[in-house]
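Here is a protein model to explore. Take a look at its sequence and its fold before reading on.

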Amino acid sequence: MEKTEEACFCFFCFHFNHRRRQHGVKFKQQKQKQQTVDSSSCFKLPPVTSMFVFILLLFSPVFPTISGKKLRQDHQIFRPRQESNKMKLVQAHLEKINKPFVKSIQSPDGDIIDCVVTHHQPAFDHPKLKGKKPLDPPERPYRHDQAENRSENYQLWSLSGESCPEGTIPIRRTSEQDILRANSIRRFGRKARPIRRDTSSYGHEHAVGYVSGNKYYGAKASINVWAPRVANRYEFSLSQMWVISGSFGNDLNTIEAGWQVSPELYGDNYPRFFTYWTTDAYQTTGCYNLLCSGFIQTNNRIAIGAAISPRSVYNGGQFDITLLIWKDPKHGNWWLEFGSGTLVGYWPASLFTHLRDHASMVQFGGEIVNSRASGSHTLTQMGSGHFSGQGFGKASYFRNMQVVDWGNNLIPLSGFKILADHPNCYDIRGGSNRVWGNYFYYGGPGKNPRCP
């Protein structure tokens with residue numbers, strides 16, 4: 001592997017110097033050093049990596065990062081005529097994303113799962129996909145553990161034994177209330193672009209591991225599933241994989257999958273399986289799950305956006321899900337596997353620019369939003385809500401992390417680094433062994449005596 005040019009990049013210095021240039025605001029020097037693999041707070045990263053770490057702070061992974069007070073002001077009571085016009089827009093959007101179904105299934109958590117004929121799914125509303133049909137399953141990466149390939153389903157809606165017929169796919173029905181909880185009908189189901197970026201409104205905090213500096217054609221990991229507390233409806237907690245490419249400007253391409261607790265998007269506190277994609281840094285393209293056209297689902301047993309069950313218990317039973325994203329060498333599409341051997345569907349290569357070829361970075365980890373609604377750090381938890389040092393059964397983990405190389409081989413991580421941008425609130429600790437391969441523990445409680 002050729003050694004890429006590296007630049008010394010101080011995560012906190014970069015962020016605050018940027019703000020000082022933008023607004024002329026003077027910031028006090030950070031008293032606490034960020035946690036990384038190295039002992040110093042300034043470490044060497046490839047330029048493309050440092051730009052991605054920075055852009056994570058600029059673009060919300062789920063929702064707007066303005067304060068809870070501001071958000072409450074945005075959700076004012078409408079006058080009758082305004083309310084009527086808004087409800088017409090809501091109904092029109094519902095008709096667009098809720099497709100005709102041949103069967104519906106009531107989930108114990110209150111969701112309704114619609115069984116939609118495969119070629120009627122939202123994906124085929126996309127101009128580049130109209131008239132297309134789902135492709136046959138691709139060749140899986142070599143060294144994929146075939147002994148594990150068995151049908152699994154860990155979602156609440158399917159525990160009753162109900163399922164969608166062959167030739168259909170299960171889609172979580174979007175309700176009026178789902179859309180009304182969002183700040184904007186137009187942006188519903190999409191990541192919000194930043195409105196303000198200063199120390200009072202910036203609030204996305206991470207504990208992540210990543211690789212960069214090579215060409216990547218996929219990633220795999222097993223992710224421990226918990227139900228972390230989320231302090232208010234304008235915050236979230238998630239654990240996911242990112243497959244990334246682009247210049248980290250307006251042409252950023254990402255493919256994302258994992259689990260999230262998001263009261264605003266789903267109306268509850270269940271951990272839910274989710275996906276996301278964008279080709280322009282979260283501006284106008286892409287969405288969560290099947291809330292817009294793009295991702296083509298091929299499976300009739302997995303509902304993207306549905307609640308996961310069981311979940312891990314502190315000092316008790318542990319549960320994780322295995323996710324694999326990889327690029328089909330034949331057609332170039334990016335496929336998603338959930339569990340051990342269950343193909344969910346794919347992101348067509350035609351959706352992307354940079355990811356049409358390969359990824360330049362793969363990232364794994366947790367993220368929360370801290371709205372500071374009460375004037376102090378949020379109580380929203382990451383992972384299990386406990387710090388990484390507590391280890392198995394108490395702290396959340398990622399294990400058996402791998403990437404896919406140009407020859408469609410699953411290989412161990414090389415040059416793996418870890419980063420926590422607020423280690424007194426949420427931290428991360430990595431390792432490697434023969435059973436778990438590359439792994440890390442991560443997470444935390446949020447507000448505590450060391451994180452006021």
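This report covers the model, its cores, its cavities and some of its strands.

## The model

This is a predicted model, in which local features need pLDDT of at least 70, side-chain atom pairs count only at pLDDT 80 or more, and totals for chains, interfaces and linings use all residues. Residues are numbered from 1 along each chain as its sequence is written, and side-chain values use heavy atoms, with hydrogens and water left out.

## Nonpolar cores

A nonpolar core is a set of buried Ala, Val, Leu, Ile, Met, Phe, Trp, Tyr and Cys residues joined through side-chain atoms within 4.5 Å. Buried means under 20% relative accessible area, with a 1.4 Å probe and protein chains only.

The largest nonpolar core has 83 residues. I325, W334, W347 and F364 touch the most other members. Strand β16 (residues 359-369) gives the most to this core: six residues. Strands here are DSSP runs (E, at least two residues), and helices are runs of H or I of at least four, numbered from the N terminus. A second, separate core has 12 residues, including W326, W335, Y346 and L410.

## Cavities

A cavity is a set of points on a 1 Å grid, over the protein atoms alone, where a 1.4 Å probe fits but cannot get out. Points are joined across faces, edges and corners, and the volume is the space filled by probe spheres set on them. Four cavities reach 30 Å³ or more.

Lining residues have an atom within 4 Å of a point. The largest cavity has 17 of them, and R172, T174, N289, L291 and I304 lie nearest its centre. β6 (168-172) and α6 (263-266) each give two or more residues to this lining. The largest share, three residues, comes from β6.

Two strands pair if DSSP finds at least two bridges between them. Three strands form an open sheet in the order β4-β5-β6, with antiparallel pairing. β4 (103-106) and β6 stand at the edges with a single partner strand each, so one side of each is left without a neighbour in the sheet. β4 and β5 (residues 112-117) pair over four bridges. K103 stands opposite C115 in β5.

## Strand β21

Is β21 (residues 437-443) mostly covered or mostly uncovered? Mostly covered: six of its seven residues are buried.

β21 pairs in the antiparallel sense with β17 (residues 396-404) over four bridges. There, M401 stands opposite N438. β21 also pairs in the antiparallel sense with β20 (residues 427-433), over seven bridges. G430 has F440 as its bridge partner. β20 and β21 form a hairpin with three residues between them.

Key. Buried < 20%, exposed > 50% of the residue type's maximum accessible area, 1.4 Å probe, protein only. 1 Å grid on protein atoms, 1.4 Å probe; cavity = no way out; pocket = protein on both sides within 12 Å on 5 of 7 lines; lining within 4 Å.
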